[in-house]
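Please keep the structure open while reading.

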Amino acid sequence: MNHESDHTVDAAKKELNADLLELFERCSYLYNEAFYANTELAILRELSKASSGYENEVICAGCFFSFTQLALTESCFMNCARLFDAKSDISIGNLIEEVSSHSAEIDALAISIFSDRPNFDRLNPIVHPLAEDEERFYPKEVESQRSYEKLFGDHYEMVTVCITTHDLSNLWKKRLNGLSKLTDMLRDQRNKVFAHSDIEALNYDELVRRLPLTFSEIQKLIDFALDLTIELFAKITGIEKDRLPKNYNDIQGLLKYAEVGMEAVEQHLGKALLDQD
């Protein structure tokens, strides 16, 4: 499968009819929201590690790091909330419905793009890697592939199933329904604090205790949005999108340079004191 380039994306778009082109644009928009949220969350994790591994260097720019963390947290939260806003014209839920409506056209596209693969099933043209919380819907396939992999050790690859786009959209609906508790808490926090200033905003700690959302739960929501949009984009265009920029952890390199710089300053100051003596 190809990775993205402007040329290949433009070429793929020219092959789409008006309805699928609109679906492509919605998918691209939601992918970008999920990509930004995932990058922000990854950087927040890197900043958290930096606070313990480079404590002195972080203190040197305490205002920058504290406000950057606050800004990234709010931006990540709002990007994630937009993904699952049931009242929006463009949301993960709406995209799943659009996929279901155009399932036959997407199947046809998948056949045109991937039919030269070995053992390709034209009746079930979507080769879908099962996420962990999807495996319970395909117990026979999971057991069969896991049994085969045991012959080669305990390293398991993702289980794949051959299905139609209609089946895939139903699977996505089930997975989205399984996240309803998290999306409800996300929506309530967004509405009461981040998008509006309800009275609950005066006691945010109490709201968080009542509607707790951890970083790992936010990650779970983002992962679902990325799984869906990356797979759909690939099925429409044959192009694989990335989950994170390759340099998302470059703060570590910056702090390493800051550490070396501080050591050089200390050595310089020490030498200056010795010269005075």
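At what angle do helix 6 and helix 11 pack, and how far apart are their axes? The angle is about 65°, and the axes are 7 Å apart. That makes helix 6 roughly perpendicular to helix 11, since angles of 65 to 115 degrees count as such. The model is predicted.

## Helix 6 against helix 11

Helix 6 spans residues 103-114. Its side of the contact consists of Ile106, Leu109, Ala110, Ile113 and Phe114. Helix 11 answers with Leu232, Ala234, Lys235, Ile236 and Thr237. By class, the contact of helix 6 with helix 11 has eight nonpolar residues, one polar and one charged.

Lysine 235 counts as buried because its relative accessible area is 9%, and the cut-off for buried is under 20%. Leaving aside residues up to four places away in sequence, lysine 235 touches Ile106, Leu109, Ala110, Ile113 and Phe114, along with Ile126 and Val127. Strand 2 covers residues 126-129.

## Helix 8 against helix 11

Helix 11 (residues 215-237) also packs with helix 8 (residues 165-178). Here the angle is about 170° and the axes are 11 Å apart. The two helices are therefore roughly antiparallel.

From helix 8, the contact draws on Leu168, Trp172, Arg175 and Leu176. From helix 11 come Asp223, Phe224, Asp227, Leu228, Glu231 and Leu232. The classes in the contact of helix 8 with helix 11 are six nonpolar, no polar and four charged residues. Leu232 is listed in the contact with helix 8, and Leu232 is listed in the contact with helix 6 as well.

## Aromatic pairs

How many aromatic pairs does a search of the whole structure find? The search finds five. One of them joins phenylalanine 64 and phenylalanine 65, edge-to-face, at 5.4 Å centre to centre with 85° between the planes. Phenylalanine 65 is buried, as its relative accessible area is 6%. Phenylalanine 84 and phenylalanine 224 have ring centres 6.4 Å apart and planes at 20°, so this pair is stacked. The pair links distant parts of the chain, 140 residues apart. Phenylalanine 84 lies in the loop between helix 4 (62-83) and helix 5 (92-101), whereas phenylalanine 224 belongs to helix 11.

Elsewhere, Tyr31, Phe35 and Tyr36 are linked into a cluster by ring pairs. A charge sits over a ring too: lysine 241 lies over the face of phenylalanine 233, 4.5 Å from the ring centre.

Most residues other than glycine have a negative phi. Asparagine 119 is not a glycine, yet its phi is positive, about 60°. Is this residue, asparagine 119, buried or exposed? Asparagine 119 counts as exposed, because its relative accessibility is 79%. Its place is in the loop between helix 6 and strand 2.

## The whole protein

The protein has twelve helices and four strands. Of its 277 residues, 39% count as buried. Among contacts with a separation of 6 or more, 77% come from residues 24 or more positions apart.

Methods:
Residues are numbered from 1 along each chain as its sequence is written. This is a predicted model: local features need pLDDT of at least 70, side-chain atom pairs count only at pLDDT 80 or more; totals for chains, interfaces and linings use all residues. Side-chain values use heavy atoms; hydrogens and water are left out. Axes are lines fitted to C-alpha atoms, for helices over the stretch in contact, and angles run from 0 to 180 degrees between N-to-C directions. Angles under 35 degrees count as roughly parallel, over 145 as roughly antiparallel, 65 to 115 as roughly perpendicular and the rest as oblique. Contact means heavy atoms within 4.5 Å. Ala, Val, Leu, Ile, Met, Phe, Trp, Tyr, Cys and Pro count as nonpolar, Asp, Glu, Lys and Arg as charged, and the others, Gly among them, as polar. Rings of Phe, Tyr and Trp (its six-membered ring) pair if their centres lie within 6.5 Å; planes under 30 degrees apart count as stacked, over 60 as edge-to-face and the rest as tilted. Buried means under 20% relative accessible area, exposed over 50%, partly exposed in between (1.4 Å probe, protein chains only). A charge sits over a ring if NZ of Lys or CZ of Arg is within 6 Å of the ring centre and within 35 degrees of the ring normal.
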